Amino acid sequence: MRIAVTGSIATDHLMTFPGRFADQLVADQLHTVSLSFLVDNLDVRRGGVGPNICFGMGQLGGTPILVGAAGYDFDEYRAWLDRHGVDTGSVRISEVLHTARFVCTTDKDHNQIGSFYTGAMSEARLIELKAVADRVGGLDLVLIGADDPEAMLRHTEECRTRGIPFAADFSQQIARMDGDEIRTLLDGATYLFSNEYEKGLIESKTGWTDAEILSRVGHRVTTLGSRGVRIERVGDTPIEVGCAEETAKVDPTGVGDAFRAGFLTGLSWGVGLERAAQVGCMLATLVIETLGTQEYTLRRANFMERFTKAYGDEAASEVQSFLS
């Protein structure tokens, strides 16, 4: 399968302040705050849902097609993704804007002050999926992830117009979208991804019941945190897959992206939904054990050993050949 992943491309600039923000705030001066925090360290990480998902697919041996917009400072990030199996040939490079970035400072009580700079992400709405499909010889599935909202709507409409199967995955953007936009983005999707909280929010904003939404999509894939994932489709018994045991819970950031990477890769291998979900859950476990969304290493022998322990010999025999 030729799978394109659309979504934000960004870097995270994370800093730590050794004190407490609250100690620096003067109660009767909150209307004119002017503060500067001397931080102890700076951690710059590659991020954005599009690259996070593509990186995971590349680690599993796939060649995902990243579709998004980045700035003229993207060269080093592009080289990293290229080296890890990602096709970056359809990334639009802005001539005037930096790559999107999240800048966040965390104090000793884990309170955070952050800002998100959209930057070049706003140009994602200018990308035509037809040009992407023509370049790679057609598309079998497009995952429409969190991105510039106008780009998400445009990509969805183009998939419908051109008959390209698509997966709806609003994640962080669901908070700013209204019911009409959400209904437009999910109607007719082959897959609808969300976590449990987002599932309820989708139903609340659209005014559609769980059953109504399920009737409008091919499959509803709901991640359940530490309980794994549930996959539903009309007329079938739901499939539930648990998480593989982790060695440590280091950082949950990017776990959902890793699940999607494994699940989509499983689909591209042609295995069933349950196996694809198991691959996704195993990959998500590697991410939660690692600081950063693209800092884990997939060692195939270790992956298969842990996969076998979690899901059994029969499951392992189905995916072994794809990782050998």
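**Close-up views of a predicted model**

**View 1. A nonpolar surface patch includes L25.** L25, L30, V33 and L35 together make a nonpolar surface patch of about 360 Å². Areas come from the Shrake-Rupley method with a 1.4 Å probe, and for residues only the protein chains shown count as cover. L25 sits in the loop between β2 (10-16) and β3 (41-47); strands (E, at least two residues) and helices (H or I, at least four) are DSSP runs numbered from the N terminus. With 44% relative accessible area, L25 is partly exposed (buried is under 20%, exposed over 50%, partly exposed in between).

A note on reading these views: this is a predicted model, where local features need pLDDT of at least 70 and side-chain atom pairs pLDDT 80 or more, while totals for chains, interfaces and linings use all residues. Residues are numbered from 1 along each chain as its sequence is written, and side-chain values use heavy atoms, with hydrogens and water left out.

**View 2. H84 lies in a loop.** Look for H84 between α2 (75-83) and β5 (87-93). H84 counts as buried, because its relative accessibility is 17%. Beyond neighbours within four places in sequence, H84 contacts F55, G58 and Q59 (heavy atoms within 4.5 Å).

**View 3. Four strands form an open sheet.** The order is β3-β2-β6-β7, with mixed pairing; two strands pair if DSSP finds at least two bridges between them. β3 and β7 (112-117) each have a single partner strand, so one side of each lacks a neighbour in the sheet. β6 (residues 100-106) and β7 run antiparallel and are joined by six bridges, with T106 partnering Q112 of β7.

**View 4. Strand β1 is covered on both faces.** In β1 (residues 3-6), I3 and V5 on one side and A4 and T6 on the other are all buried. Four bridges link β1 in parallel to β8 (residues 141-144), and three link β1, also in parallel, to β4 (residues 65-70). V5 stands opposite L143 in β8 and L66 in β4.

**View 5. S194 is buried in strand β10.** S194 belongs to β10 (residues 191-195) and has a relative accessible area of 1%. Leaving out residues up to four places away in sequence, S194 touches K199, I202, V221, T222, T223 and R260.

Terms used
Patch = residues over 30% accessible without salt bridge, like charges linked within 9 Å, V, L, I, M, F, W, Y side chains within 5 Å. Salt bridge = Lys/Arg side-chain N within 4 Å of Asp/Glu carboxyl O. Buried < 20%, exposed > 50% of the residue type's maximum accessible area, 1.4 Å probe, protein only.
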